[in-house]
Amino acid sequence: TLFAKNPQRWAATPRFRFLLHVELNKKLKEIAGFFETLGDPLSARLKKVSQRNLGIISCGATTPLVEGVLSDLGLNEQIPVLKIGTTHPLPQKKVDGFVSEFNRILVLESPLPAIEIQMDHRKKVMGKLNGIVPLNGELSREGLASLLLPLLVSLGILSEKTSQKKKGTTKIAPSREEKSSTRLLFDRIHKAFPKAMVTGDHPDQVSCALDSSSS
């Protein structure tokens, strides 16, 4: 395919950069509108929730981790999780509707607070920006349970006695040898392609190069 010269796009001067910026903002608005239509509506599920003190927003590989821990705690029906499949542009209407249902919102995502920095509900939101969730590293099942239990007690969702009982749940306290999602991904790549060179330190950023003898 021949390269079509278009200096107004590829080497745009300030005037044309402004027009491209206008076009980009229009596209982002349209994409955000499409994102609002993705996923299952939560309205029916939210009507069944018995508490309004806490809702959780999550995305990516963190979501099954959150749902698994809540299931272990027996709270998967009581504490709803809004799964965000596309972090930018954020489906703002969907997020705002979910946030309005609860007194506090816990945002769980990895590795950086991409959802959290796009939210305006600072008094309601808890996450990496205010230190409730560790900014560094990945959450394990044990780490997430240790984070959630005292939080649920402080919000009146669990009693201290119930929280202490939950700490003994074997599924929530795996051995220290439990591997992170990144480590599992690396292991599977190396098992399938022993001579592959893997780069990146997070599932969303991993790429690998194969030589001819690896395929």
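Let's start at the surface: Phe-3 counts as exposed because its relative accessibility is 64%, where exposed means over 50% relative accessible area, buried means under 20%, and partly exposed is anything in between (1.4 Å probe, protein chains only). Trp-10, with a relative accessible area of 54%, is exposed as well. Keep in mind that this is a predicted model, so local features need pLDDT of at least 70 and side-chain atom pairs count only at pLDDT 80 or more, while totals for chains, interfaces and linings use all residues. Numbering runs from 1 along each chain as its sequence is written, and side-chain values use heavy atoms, leaving out hydrogens and water.

Now for the rings. Rings of Phe, Tyr and Trp (its six-membered ring) pair if their centres lie within 6.5 Å; planes under 30 degrees apart are called stacked, over 60 edge-to-face, and the rest tilted. That rule gives 3 aromatic pairs. One of them joins Phe-3 and Trp-10 in a tilted arrangement, 6.3 Å centre to centre with 45 degrees between the planes. Phe-98 and Phe-102 make another tilted pair, at 5.2 Å centre to centre and again 45 degrees between the planes. Here, both Phe-98 and Phe-102 are buried.

To count, NZ of Lys or CZ of Arg must be within 6 Å of the ring centre and within 35 degrees of the ring normal. Arg-15 does this with Phe-16, lying over the ring face at 5.2 Å from the centre.

Stepping back, the protein chain has 8 helices and 6 strands; these are DSSP runs numbered from the N terminus, with helices being H or I of at least four residues and strands E of at least two. Along the sequence they read α-α-α-β-α-β-α-β-β-α-α-α-β-β. Of the 215 residues, 32% are buried.

Next comes the sheet, an open one of 4 strands in the order 2-1-3-4 with parallel pairing. Strand 2 (81–84) and strand 4 (125–126) are the edges, each pairing on one side only. Strands pair if DSSP finds at least two bridges between them. Strand 1 (residues 54–59) and strand 3 (residues 104–108) run parallel and share 5 bridges. Gly-55 stands opposite Ile-105 in strand 3, and Ile-56 stands opposite Leu-106.

Helix 5 (residues 92–99) packs on this sheet, touching strand 1, strand 2 and strand 3, with its direction at about 155 degrees to that of strand 1. Such angles run from 0 to 180 degrees between N-to-C directions, using axes fitted to C-alpha atoms, for helices over the stretch in contact; contact means heavy atoms within 4.5 Å. Helix 6 (residues 141–154) lies across strand 1, strand 3 and strand 4, running at about 175 degrees to strand 3.

How many residues of strand 3 are buried? The strand is mostly covered, with 4 of its 5 residues buried. Strand 3 also runs parallel to strand 4, joined by 2 bridges, and there Leu-106 stands opposite Met-126. In a regular strand, side chains alternate between the two faces of the sheet.
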